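Grab a pencil and work through these exercises with the structure open beside you. Try each task before you read its solution.

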Amino acid sequence: MPTNLVTSYNFDYRANNTGDNDKEYNMTYAAITGWGKCMPPATLSNDDLATFLETNDEWITTRTGMKERRISHVNVSELGAIACQHALAAAGKTALDVEMIVFASTSFDEYCPNAASNVQKIIGADNAACMDVNTACTGGMYAFTTANAMIKTGVVKSALVIGAETISKLMEWTNRDVAVLFGDGAAALYLEASEQETGLLAESLGCYGESRDILSVAGLGSKYANQGRMMGKTEWQFLGQEIFKKAVNGMAQACEKTLEKLGVNSEQIDLVVPHQANLRIIDTLAKKLKLDSDKVFVNIQKYANMSSATTLVAFVEAIEEQRVKPNSLILLPAFGGGLTWSAHAVRFGDRTTPIASSDASLPPCQQTGLEMVQEIMEKHQQSVGK
Ligand code: ACO
């Protein structure tokens, strides 16, 4: 039986409710008024991977749906900061309007101080409280829940939610089981307190903690400190088929619970934006939930799995590509290490176009994706020789 580690609010979010519960608890909603992403420019194709791994484009494409991924030349908080600048412009706000920054990642630049504080410093969000969240691939969604709950309960009136990853720096590049599956990128949402019934209306969160070891990364964390292992020189434990089954079951049950809480069925969902870990996982989930494939947003071919950034990047692209219409009801299922699972139901607002745009961008990148990966591999090799 799954361990339901996180329960949802005790409020009734049903679509046909009278709003009495929210009045009773003096709750507001948290509208999504800004969105942005930051994709590092260097790509690493399946053919690039085949230059140093026993793999090929045909295997990766048919087994996963992935064609290429991005490799970042900057650190993860810089990616997150640029995504935030785009989200703030889209909302027509400045950094000083932000009261909370919630930063989700599994590839933090450093563990102390946190990444959210670096975003605050880079963008000048001097009025914001700052916290990090790590639930692996569900991270962006758990960060969304955290910020939403803080706004709904009146702790803050606005928040930036970030999912950002530079997995390339921590990848075990000699292990083809995992090296082909991941990429780098970032996205951010800006949330604001609102009286309108909009934003995140219901979610379901949970974790298969008993199976946490089927997806683990040795070499990140204090337990490895006295094992003579270089921090960041990782070994990935990854039982792909077991994760596949748990991903489908975890996301399916999360979706069912969320739909039930909201009092709607899957046909009433306008768009599903799932975590992008494997196209076959997405297709299997869609069949299980009887979802039309044309209602499912997919961008895995461009970016592969960016862990905690994945679902937020897909959501932001769905908005940018006008797949999200005014007042669309959107379902966002996700799954990740832990093994954490989630599904969020969002009622989008009236406005699906940005108020303004930002010219914030990354510094130029002087290397190809393949060159950066080769450099990371060389550094890891040198550290082993020491
Ligand atoms: N290139 C070529 N061959 C490969 C590769 C590769 N990159 N990787 C594995 N193979 C081989 C295997 O060795 C095996 O060979 P064999 O038959 O001679 O033994 C064969 O391909 C089949 O391997 P399987 O593991 O059975 O392949 P499968 O169809 O299960 O696909 C995959 C593997 C893509 C990893 C799939 O299981 C999967 O996507 N799992 C879920 C991943 C996931 O959900 N990740 C998200 C969470 S990550 C996070 O939270 C941080």
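D57 has a relative accessibility of 25%, so D57 counts as partly exposed; that label covers the range between buried (under 20% relative accessible area) and exposed (over 50%), using a 1.4 Å probe and protein chains only. Before we go on, a quick note: this is a predicted model, where local features need pLDDT of at least 70, side-chain atom pairs count only at pLDDT 80 or more, and totals for chains, interfaces and linings use all residues. Residues are numbered from 1 along each chain as its sequence is written, and side-chain values use heavy atoms, with hydrogens and water left out.

**Exercise 1. Find the salt-bridge partner of D57, and say where both residues lie.**

Step 1: A salt bridge needs a side-chain nitrogen of Lys or Arg within 4 Å of a carboxyl oxygen of Asp or Glu.

Step 2: Look for the partner. D57 meets K67, at 3.1 Å from N to O.

Step 3: D57 sits in helix α3 (residues 57-64) and K67 in the loop between α3 and β3 (68-71), so their pair ties together parts ten residues apart in sequence. Helices (H or I, at least four residues) and strands (E, at least two) are DSSP runs, numbered from the N terminus.

Step 4: Check the cover on the partner. K67 is partly exposed too, at 37% relative accessible area.

**Exercise 2. Compare where the partners lie in two other salt bridges, K37 with E320 and K379 with E375.**

Step 1: Start with K37 and E320, whose side chains meet at 2.7 Å, N to O. This pair links distant parts of the chain: K37 is in strand β1 (residues 29-38) and E320 in helix α11 (residues 310-320), 283 residues apart.

Step 2: Now take K379 and E375, at 3.5 Å, N to O. Both lie in helix α12 (residues 369-385), four residues apart, which is about one turn of the helix.

Step 3: K37 has a relative accessible area of 22% and is partly exposed, and E320, at 39%, is partly exposed. K379 is partly exposed at 48%, as is E375 at 33%.

Step 4: Zoom out. K37 and E320 also belong to a salt-bridge network with K302 and E317, and the structure holds seven salt bridges.

**Exercise 3. Is strand β8 mostly covered or uncovered, and which strand does β8 pair with?**

Step 1: Count the buried residues in β8 (residues 199-207). Nine of its nine residues are buried, so the strand is mostly covered.

Step 2: Find the neighbour. β8 pairs with β13 (residues 340-347) in the antiparallel sense, over eight bridges; for strands to pair, DSSP must find at least two bridges between them.

Step 3: Pick out one bridge. L205 has S342 in β13 as its partner.
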